[in-house]
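Q: Could you walk me through reading a few helix features? I would like the general idea and then the case at hand.

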Amino acid sequence: MMRIALIAAGILLAAQQPAGAVFPETDSAVERPPIWAAGVKAIEDGEYAKGLEIMRSFVEEDPKDADSWSLVGFSLRKLKRYVDSEHAYQQALDINPKHLAANAYAGALYLETGRVLDADKRLAVLDELCKEGKGCEDREKLAGMIESFRKTGKVSEDW
């Protein structure tokens, strides 16, 4: 019943183009239903609880969906539920260790929780992906965040 309500809401809310500011590129070729785009849009609009609910429905249906796990982690991080967020990012990385968003966002989580060495590990993965021609913008952003954190002890950018 809940899934049907979420699908109906997604059809009403989804934009014609997939949302891109939070999750510009998926790592899979999975075709997504409109409710998934509605979940991304909710997250982009700062409606993290709503986006979380939608993305959780996807990981419940397909526990091997690294893209949705990454967005679950993103939403939880924005809700300051750091332990749960880290678990969700780890789920995404267990499925796909080279997942761009999960690596980048986990790096931001580690900075937010004062774990710069763990953020460095995520940056190292993004370094390798950038050499392959993927995720260079994410790599640069995380590198800048780490550098700023080392200088100020604060997370300078909100991602």
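Predicted model: local features only at pLDDT ≥ 70, side-chain atom pairs only at ≥ 80, totals over all residues.

Q: What should the 14 residues of helix H3 span, at 1.5 Å a residue?
A: Residues are numbered from 1 along each chain as its sequence is written, and side-chain values use heavy atoms, leaving out hydrogens and water. Helices are DSSP runs of H or I with at least four residues, numbered from the N terminus. The expected span is 1.5 Å times one less than the number of residues. For H3 (residues 48-61) that gives 20 Å, and the end C-alpha atoms are 20 Å apart, so the two agree.

Q: How are H7 and H8 placed relative to each other?
A: Two packed helices are described by the angle between their axes and the distance between the axes. Axes are lines fitted to C-alpha atoms over the stretch in contact, with angles from 0 to 180 degrees between N-to-C directions. Here the axes of H7 (residues 116-131) and H8 (residues 136-152) come within 9 Å and cross at roughly 155°. H7 is therefore roughly antiparallel to H8 (angles over 145 degrees).

Q: Is Ile146 buried or exposed?
A: Buried means under 20% relative accessible area, exposed over 50%, and partly exposed in between (1.4 Å probe, protein chains only). Ile146, in helix H8, has 2%, so Ile146 is buried.

Q: Which residues does Ile146 contact, leaving aside neighbours within four places in sequence?
A: Contact means heavy atoms within 4.5 Å. Ile146 touches Leu111, Val116, Ala119, Asp120 and Leu123.

Technical notes:
Helix = DSSP H or I, 4+ residues; strand = E, 2+ residues; numbered from the N terminus. Parallel < 35°, antiparallel > 145°, perpendicular 65-115°, else oblique.
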